[in-house]
Structure formats: structure tokens, C-alpha cells
Amino acid sequence: MEPYRIKVVEPIAFTTRAEREAALERVAYNPFDLRADEVTIDLLSDSGTGAISADQLAAGMHGDESYAGSRSYYRWHEVVSELTGYPHILPAHQGRAAERILFSALLEPGTSVLSNTHFDTTRANVELTGCQAYDLPCAEAKDLDSDYPFKGNIDLIALEQALENAHQAPVAAVLMTITNNGGGGQPVSMENLRQTAELCRRHNVPLILDAARFAENAWLVTQREPGYAGRTPRQVAEEAFRLADGCVMSAKKDGIVHIGGFIGLKDPELAEKCAGLLIATEGFTTYGGLAGRDLEMMARGLLEVTEPAYLAERADIAAYLAARIREAGVDILEPSGLHALYVNAGRLLPHIPPHQYPGTALVCELYRRGGIRSAELGSLYLGEEDEHGNSIKTAPFELVRLALPRRVYTRSHYDHVAATLADIAKNPESVRGYRIVGQSPILRHFSIKLEPVRSDG
């Protein structure tokens, strides 16, 4: 059972199907543009959407709002330093701000960043510096149905080849995302991370962790990796941080806060460059765009997130929803992780071709029938079209991510999600595809405009 009891509740919206149909049409079928009070179960993201604990709320009351050198900063700095082992720690208001600052200081135009998988804003921040972002997921990640435990791993052979050819294509950094969100929320093994660190040291390339979900990765390591069953998630996390040269983190995930993040580094010169950019764009180095209360709540959240009881319940609720979805006859990316489940929309809706975005079709249908908001990770997210709208690149898989906010929804809420999917699975041919009528040249899925494809083609 949940290792907590509920102290504060918030009403959720119950709308009619007609109201949801009208809402979808109003926002041009883009779930990001829906009002929150039009959504019944919001699984769009696990970023900043969790419920804070009583201890976090109490810690926030101790927030010192001094512009420089606040007590809250030093309490936060002690917690982060003990967790990561990095001598240089800089706060930022969220993960993408940390990415922008670090990449601006670290990357040079014409170089590249190699990763197990870049997520959307990470890739954008790499490319905005004039660099290339390359994904090197392990071969096992291609099989959505296998139970291989560490599909988030980087392909070590491809990584070594890329590093050895760095004289032709310079590599500025290797970025390991733990867990691998763009790769289906799959974990990275400690052995894979250790070998990656050795390759990076041999080729004098910094290894950076995208540590947004470091605690969930550590939990899955204790459950799946030989030799780690007797370790605590905190011990595994500490080992992971110390294998790398630094990290960026969105604390809105495994900091269990509504805002916040940080950069951690071993290199003093790089840290000094980042500090200069931080002061110019985010705030002084002892607050980084955050209020003192935010630093206090983040510090407490980083302690709570590695508690075994919390992580065990997080895993259990995800496994519960995964089992209910399978019972409904709907396939998900296996094995299921913690922060999200990834529904195989391409398999559920095989009549919708990639250029009509089956993932988006499922996202819209989940909202239309159940008031459930989710996110597409398919050809809308990864695909490309020419100037005439003809598809020139599709995604390898058409997925829908059901991101699970921390400590927010109960089993009955997830029963509703599974029941809605089951209803769709009874007659999937009734679901139509979509076409693009307006888009942005960067991160288009956030601001896309769509319309349904007519049944006559």
C-alpha cells in the first residue's frame, strides 16, 4: 500500500464528451493547449506535477529570500553535494535552463554530443549551440516486446567507434539520460554506465548525466542488475554520479518539486564559465532563478526520493496500471518502468499510417473518451516532412506516453485510464488519423496545429 496518507485534496474536472470534442477542436487537437480544468486525468508529464510532502511544505516555510548567500542555499548545497559528490553545484530554475547554461559553456559549433537518447528540449539546446545531437541506443531497445532489463543503455560499440573517429567528427560530450525517457523510460545499467565512463576517460571526453530520474534508475538497478540487490537506491545513485564528470538535473522529476534544477561539475574552469552565464541569465549563484523556499523544498525532496518505501510504491502503481492495460489487450513497451508507460499506438491503430500520426490519434481519443491527457512520442515528435507536407522521415515506433505524476493519482484513477484504453481497443478502426495545418520549426509538438483526416481520405 501507499507509504503515506492523504492530507490535502483537490477536486478534478468531469466534463462531457461533447465538451471535450469542442475543446479538442478549439485547440486544433494539440493537448498542450488544453486548459487544465478541462482535463480529468492528466498524464501529459511527470515534470513538476507531483504532490509535495508535509515535510517539504514545512521546509519551504524556512525559506531565506536573501538575494545572495541565503541560508536556504547552503542547506540545499549540502544535500546536493553529499548526493552527487561534485565540488561545484549551481542552482537553476529547471532542467532546460541548466542544459542551456552548461551546453553554452561546454559545446563548440561543429562538434557533437553523443547520447543513449536525447530528449526533446535537450536536443534543441544542443542544436541551438550549432552542434549535432546523435542518439546511440543499444540494439535491445529496438524490440518493444522483449523483457531485456536495461533497454536504456548506450550502444558501447557505436560509442567507441564514434570516439575513435573524433578527429573527423569532434565529440564535445557524452550525455547519459537516466532513466532513458526518449527511449521509453528504460533504465541504464551500472555496468553500461561504468564502461561508458571508461571510454570517455580514455578519449578525454566529459561524461554528463541527465539525472532527472536518477532515483528511479537506481531503484531499477537494485531490482534488475546482478550484484546490486543488496544495495540501497541512495548508494546506487551516489555511485552513478561519481562515475560521471558532471550532471544536469530537472528537479521537477526526482526532486519531487514544482520548480527547480541544478548543474553539478567536477571541472572548476567549466563551472566558472557556467556561473558567469547563470548570473547573466538566471540569477546570482546562490539562488539561480529560484526562491529560497524552492531550494528548501528541493533539498527535502532529494532526500525523500531515494527512500525505498517511496520508490517501491512508485514501481507498484506503475506495474498495476501496466497490468490493467495488458488485460485490456493493449500492448506497451516492455518491461514497464516507473515514471511512465509507453503505449504501442502503432500496433493498436495499424490502419493509421505514420504520416497521419497514430500516436496523436490515440492521444486525442484518450481525451475524447476519458478526459485523459497524454503525450505522443512518434512521427509527430520525431518525423519530418518536406515543404509540400510529404513525409520524408517517420519515427521507428509510434508511442503514447502516459506519464505518472508522483503521489497524485490512486488506483481507481488508473482503473479509469485502463478502462478507456479497453474501450478504444474494442473498435480501434473508428479512430481517425490527423494532418498538420500549422507548425513551428523547432519543438513543433508543443505548438502544433492539426485537423482530423476525413474518412474518405
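Reader: What makes Tyr4, Ile6 and Val9 a nonpolar patch on the surface?
Author: A patch takes residues with over 30% relative accessible area and no salt bridge; nonpolar side chains (Val, Leu, Ile, Met, Phe, Trp, Tyr) are joined within 5 Å, and like charges within 9 Å. Tyr4, Ile6 and Val9 form such a nonpolar patch, with about 320 Å² of accessible area together. Areas come from the Shrake-Rupley method with a 1.4 Å probe, and for residues only the protein chains shown count as cover. By the way, this is a predicted model: local features need pLDDT of at least 70 and side-chain atom pairs pLDDT 80 or more, while totals for chains, interfaces and linings use all residues. Residues are numbered from 1 along each chain as its sequence is written, and side-chain values use heavy atoms, leaving out hydrogens and water.

Reader: How do you know whether Ile6 is buried or exposed?
Author: Buried means under 20% relative accessible area, exposed means over 50%, and partly exposed is in between. Ile6 has 59%, so Ile6 is exposed. You'll find Ile6 in the segment before helix 1 (17-26); a helix here is a DSSP run of H or I with at least four residues, a strand is a run of E with at least two, and both are numbered from the N terminus.

Reader: Okay, pockets next. What makes a space a pocket?
Author: On a 1 Å grid over the protein atoms alone, a pocket is an open set of points with protein on both sides within 12 Å along at least five of seven lines, and lining residues have an atom within 4 Å of a point. The largest pocket has a volume of about 1500 Å³, where volume is the space filled by probe spheres set on grid points joined across faces, edges and corners. Of its 38 lining residues, the closest to the centre are Val8, Ala51, Ile52, Arg407 and Val408. Helix 2 gives the most to this lining, with 3 residues.

Reader: How do the residues lining the largest pocket divide into nonpolar, polar and charged?
Author: The lining has 19 nonpolar, 8 polar and 11 charged residues. Nonpolar here covers Ala, Val, Leu, Ile, Met, Phe, Trp, Tyr, Cys and Pro, charged covers Asp, Glu, Lys and Arg, and the others, Gly among them, are polar.

Reader: What lines the second largest pocket?
Author: That pocket, about 1100 Å³ in volume, is lined by 40 residues, with Arg123, Asp135, Tyr381, Leu382 and Lys393 nearest its centre. Helix 5 gives the most to its lining, with 4 residues.

Reader: Why is the contact of Asp415 and Arg324 called a salt bridge?
Author: The rule asks for a side-chain nitrogen of Lys or Arg within 4 Å of a carboxyl oxygen of Asp or Glu. Asp415 and Arg324 come to 2.4 Å, N to O, so they pass. Asp415 lies in helix 17 (residues 411-426) and Arg324 in helix 13, so the pair ties together parts that are 91 residues apart in sequence. At 24%, Asp415 is partly exposed, and Arg324, at 26%, is partly exposed too.

Reader: How do you know whether Glu365 is buried or exposed?
Author: Its relative accessible area is 6%, so Glu365 is buried. Its partner in a salt bridge is Arg369, with the closest N and O atoms 2.7 Å apart. Arg369 is buried as well, at 19%.

Definitions and conventions
Buried < 20%, exposed > 50% of the residue type's maximum accessible area, 1.4 Å probe, protein only. 1 Å grid on protein atoms, 1.4 Å probe; cavity = no way out; pocket = protein on both sides within 12 Å on 5 of 7 lines; lining within 4 Å.
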